[in-house]
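This text goes through a structure step by step. Please keep the sequence and the model open while reading.

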2 protein chains.
Amino acid sequence: MRQMEETDRLIQRCAQAIKRSKAKTVGLQYAAGFRIRSVDIAKRLEEETNVPVILSADPTFGACDVREMPVDMVVHVGHAPIPDMHYRNVFFFDDPLPPPGDFGFVDKALPLLGKKVGLLTTTQFRGWLAAVKERLEKEGHQVFIGKSGGRIAYDGQLIGCDYTTARAVEKDVDCFLYIGTGEFHPLAVALLTTKPVVVADYERGEARRLDKEKDRAMRRRHGAIVSAKEGMTFGILVSTKLGQHRMELARRLAEIAKKHGKEAHILVMDNVNQDSLEGYRVDAWVNTACPRIAIEDYLLFKKPMLTPQEFEIVLGERNWKDYELDEIRE
Amino acid sequence: MRQMEETDRLIQRCAQAIKRSKAKTVGLQYAAGFRIRSVDIAKRLEEETNVPVILSADPTFGACDVREMPVDMVVHVGHAPIPDMHYRNVFFFDDPLPPPGDFGFVDKALPLLGKKVGLLTTTQFRGWLAAVKERLEKEGHQVFIGKSGGRIAYDGQLIGCDYTTARAVEKDVDCFLYIGTGEFHPLAVALLTTKPVVVADYERGEARRLDKEKDRAMRRRHGAIVSAKEGMTFGILVSTKLGQHRMELARRLAEIAKKHGKEAHILVMDNVNQDSLEGYRVDAWVNTACPRIAIEDYLLFKKPMLTPQEFEIVLGERNWKDYELDEIRE
């Protein structure tokens, strides 16, 4: 029911944008969750606007990954635009979900929180923050929400390559409260900071602290670094995606590697995936594309997949105690 | 041993081309068979030329699929250029393999051949045709080799989207003899013509006629057409690869589908693969990208994957007896 309403609203807003633009052809691209509805969305947009709509069947993983299409205008569904990036003829549909009737999952977080709370979320749940803030304040908490800026479109928003909104309030808070579902974004905040991170998980209707998950992730990262230390040949991955392309960083890492007597080769690719990396004669990968890949998808790769900062530790250019999460700042 | 010699020759020829071009950065891309050697090739090219070499980790499936890279010059290994296409700053290394010491696998084909033989091969074995021709003529055969042209760089060469060299001599010959390995290219010729197709398989050291394989493939294509006939919604796939992009054809097919009361949506993508097609609400796919995909990779897809001509049969615009193999002629 909620999904039907969301789709109706999407059609209405996108059809308006298409009509306004006077585009003669439209390309539709969408986050994975919209794929099952995409053909229906394209059909309804065509009916509403009389403009042919072509779908993009290449996956898109964020606003860093807006696909070029042979059309006048792109409608990109499910990701907030990155303010720092320049888009041409792209309409972003990133309306937040309406707040739920029941905030019980937030109540469950209350016993886990300190007095001063930093609120965080992802773009789709950003419309819930005001209500959560009010609720927490009623319980006597002080609430901090980091301001948008750089790659971040909305206050309190997290994306896989930028934790500005967490860092901005880190010093002010006793703990962070993440509103949403899934583990990746709050886990990254836990890796970034020494403050406890609590997840209020809307889908599961529960709340939990991420201490164990943080420990486990740190042990995994340590393991990846240790096994890469034996390596002599490294493949440094650079994405061709506009918002993930860090060639300068890759060149710098290759230089440092050579200084330490290691062999390093730069490989460019669209999506970083094991299939494409199968069969290469390298000992470990260094990923300059989306920072999520090394942390979240480590199981999908047969060889250690390091972040740039982890590669610096491997080479002895950085200490393990100065471990830092990778973010894209270019 | 042969592979080491091939690699040495590759380094020598590509290094020459790089020096001549005065490129300051080079991108290396290669057919799948070269992946395991690619890091070593990049390293040796850097040593020879003093120019940094970046690798392309996105797979490339042919000269239709030359990858754009952020470099001055691309070295593309393992595919013959398509004469009809315009390339900018691309050096193709497609030297043929030197002829083998032993042509016994061709002798095994002799009892299977008629008097007049059409010789076919793929780019890597093209250097063997002269010796095979001589051998056949000594045995009293008349030998025909179709001329290059259009998308075909070399006489007698086959590629997955163009069978010009087979069609050119079809009327003159009693049968075709394919020199090489694998089944796809000769099987496509068998589907294209009524003349028997014999494979002289260098790797297996044997020869065979493809009658059964042709029957099986035709039954599979018939099966795909029959199951797609029930479909109401079709996804028409268009590749973003320069040499596979047939948007006009896709638009025409979508129009015809609508005329027949079917729903048809155009989807653009780089590589056509099941992962990217998972979850879409369509009943069957129509592939305007590489023609090999529907014929050779049919098992990889969960829904029927049709060629444009097969879709015409599904819609009743073409008779099964007028079945035609898909080729790219644009």
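A salt bridge, as the term is used here, is a side-chain nitrogen of Lys or Arg within 4 Å of a carboxyl oxygen of Asp or Glu. By that rule, the count between chain B and chain A is 2 salt bridges. In one of them the side chains of Lys43(A) and Glu263(B) meet, with 3.2 Å from N to O. The model is a predicted one, and side-chain atom pairs count only at pLDDT 80 or more.

Polar contacts also link the chains. The rule finds 18 residue pairs in polar contact across the interface of chain B and chain A, with both residues at pLDDT 80 or more. On the side of chain B that touches chain A, the elements that give two or more residues are helix H2 (35–49), strand S2 (53–56), helix H8 (247–259), strand S11 (263–269) and helix H9 (274–277) of chain B. The largest share of that side, 7 residues, comes from H2(B). Sorted by class, the side of chain B that touches chain A has 18 nonpolar, 9 polar and 11 charged residues.

The extent of the contact comes next. Chain B puts 38 residues into the contact, and chain A puts in 38 residues. About 3100 Å² of area is buried between chain B and chain A, and carbon and sulfur atoms give 56% of that area. Within chain B, the residues that lose the most area to chain A are Arg35(B), Val39(B) and Tyr280(B), which together make up 20% of what that side buries.

Strand S11 (residues 263–269) of chain A pairs with S2(B) in the parallel sense, over 2 bridges. In this pairing, Val268(A) stands opposite Ser56(B), a residue in S2(B).

One further feature concerns the backbone of each chain. Which residue of chain A has a positive phi although it is not a glycine? Asn89(A) does, with a phi of about 55°. Asn89(A) lies in the loop between strand S3 (73–77) and strand S4 (90–93) of chain A. In chain B, phi of Asn89(B) is near 55°, again a positive value in a residue other than glycine. Asn89(B) is found in the loop between strand S3 (73–77) and strand S4 (90–93) of chain B. Is Asn89(B) buried or exposed? Asn89(B) counts as exposed because its relative accessibility is 51%, and the cut-off for exposed is over 50%.

Notes. Residues numbered from 1 in each chain as written. Chains lettered and ligands numbered in written order. Predicted model: local features only at pLDDT ≥ 70, side-chain atom pairs only at ≥ 80, totals over all residues. Heavy atoms only, no water. Contact = heavy atoms within 4.5 Å. Buried area = accessible area lost by both parts, 1.4 Å probe. Polar contact = N/O pair within 3.5 Å; in protein donor to acceptor, adjacent residues only side chain to side chain. Helix = DSSP H or I, 4+ residues; strand = E, 2+ residues; numbered from the N terminus. Nonpolar A, V, L, I, M, F, W, Y, C, P; charged D, E, K, R; others polar. Pairing = 2+ DSSP bridges. Buried < 20%, exposed > 50% of the residue type's maximum accessible area, 1.4 Å probe, protein only.
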